[in-house]
Amino acid sequence: MRGLLSFYRGLCSPSNRQARRKAGIVGSRCGFCGTQSNSKPQPRFGLLFDIDGVLVRGRMPIPAAKKAFEKLVDSQGKFVVPVVFVTNAGNCLRQTKADQLSHILGVAITQDQVVVSHSPLRMFTKFHDKCVLVSGQGPVLEIAKNLGFNNVVSVDMLRESFPLMDMVDHNRRPKLPSNPVVNLPMVEAVILFGEPIRWETHLQLIIDILLTKGNLSNVHQSQQMPHLPLLACNMDLMWMAEAHSPRFGHGTFLVCLENIYKKITGKDLKYEALMGKPSELTYHFAEYLIRSQAMERQWKLPVTSLYAIGDNLMTDIYGANLYNRYLDERVARKNAKAVAKMVSATGSTTALPQVEESHNHWESELALPSATSCKSVLVCTGVYNPNEEVPPDASHCIKETVFHGHRDFRFDPALVEPDWIVHDVADAVERIFDLEKFVPQ
């Protein structure tokens, strides 16, 4: 990281910026990304934008965002390259987020250009007809139904039916003795959309549901395993709003839930699925939307390169690099199959690498990606702070000793190394256009 920071600081000097603009940056893997089609350049790359810390800080737009999008939209208001906004926010509908972005950026954005942390839940059809408990804030019942869930219970509904379960806030305790009002079906799975407002209530009732197999009329059975299926969206430990320092995110809530569960049962909390960045599932869904945009615009050439622009090493950069590793492995498997076919035809007995078929559920749902790479671009307008002192010994860098990612994601230093560090999103778009030799008309 020390080397990257030094490189970044050098690039940001006025003389180096001018030199870069004069010389142009070369280094794209594919020299045909600006291929002309009907006198207009046809992109072979797509852009994945984080939102908080990249385009906005809280509700305030970052000035560089509008400058960036002036390059991305033509005179008819159409995007000149496929663009998807990938956010770990999960307390609103995709259409609501699209409307917010349209207002902030002054560009028409549709819900099909937005991936929120819960978007991949559409693929978990085996839970759509089960009774699911949802946690978060905002219109969680509407969000769940919009995703395809037909039998949804909220934490507030649980609390109303079992008023004696929520006891931390003395002012919310029942004033008179009351009996449970059992009018809810038994919960069969739990979905965590995002950080709730009353953490103590949500933590208590979620733990109760897990330890009673979905029936709060029962007593805790802490040794009964496995617990109900648990699906969580948004693993961000922290995020950047208007405050000077990062704020708690849903990942912090998950840390609380995991540790309370383990303290009570002595066992690890298990997840059926984790969604939102840095999950590969989220990036595959975003790549599917990029492909869909290219098809809608009737761009004939496949989109082979993705660029993910974010401000958080542990989510945006880790996730993009993790997905890039997945794409690399797919290419390797494909090449191994080609070699095997050639060997079969020639009769060679040369040893071949083991080829394993992929059985990812999301691959079959969304079809295989056309992208062969996903490169990461880190901006300095959000969580990441380029002005922090760099340790003299890179082996003791804080990112190698304090991992802010989720418990179930193994820390690998290579996954939090961005391909490029730039000042802001406008510089990111300029850099990518230079790399791809793409000149919109």
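This is a short tour of a predicted model, with stops to select in your viewer.

**Before you start.** Residues are numbered from 1 along each chain as its sequence is written, and side-chain values use heavy atoms, without hydrogens or water. Because this model is predicted, local features need pLDDT of at least 70 and side-chain atom pairs count only at pLDDT 80 or more, while totals for chains, interfaces and linings use all residues.

**The whole chain.** Show the protein chain as a cartoon. It has 13 helices and 17 strands. Both are DSSP runs, numbered from the N terminus: helices are H or I with at least four residues, strands are E with at least two. Of the 441 residues, 50% count as buried. Buried means under 20% relative accessible area, exposed means over 50%, and partly exposed lies in between (1.4 Å probe, protein chains only).

**The open sheet.** Select strands E7, E6, E3, E15, E16 and E17. These 6 strands form an open sheet in that order, with parallel pairing. The edge strands are E7 (114–115) and E17 (420–422), each pairing on one side only. Two strands pair if DSSP finds at least two bridges between them. Now zoom in on E3 (residues 45–49) and E6 (residues 83–86): 3 bridges join them. Leu 48 stands opposite Val 84 in E6.

**A covered strand.** Go to E11 (residues 230–233). Both of its faces are covered. Leu 230 and Ala 232 are buried on one side, Leu 231 and Cys 233 on the other. E11 pairs in the parallel sense with E10 (residues 189–192), over 3 bridges. Look for Leu 192: its bridge partner in E11 is Ala 232.

**Two positive phi values.** Most residues other than glycine have a negative phi, and most peptide bonds are trans. Select Asn 234, in the loop between E11 and strand E12 (238–239). Its phi is near 70°. Is Asn 234 buried or exposed? Asn 234 is buried, with a relative accessible area of 7%. Next, pick Gln 298, in the loop between H9 and strand E15 (305–310). Its phi is positive too, about 60°. Gln 298 is exposed, at 60% relative accessible area.

**A cis bond.** Select Lys 277 and Pro 278. A cis peptide bond joins them, with omega about 10°. Pro 278 sits in the loop between strand E14 (273–275) and helix H9 (280–296).

**Two packed helices.** Finish with H7 (residues 199–211) and H8 (residues 250–265). They pack at an angle of about 45°, with axes 11 Å apart. Residues making the contact (heavy atoms within 4.5 Å) include Trp 199 and Leu 203 of H7 and Phe 253 and Tyr 261 of H8.

Conventions: Axes are lines fitted to C-alpha atoms, for helices over the stretch in contact, and angles run from 0 to 180 degrees between N-to-C directions.
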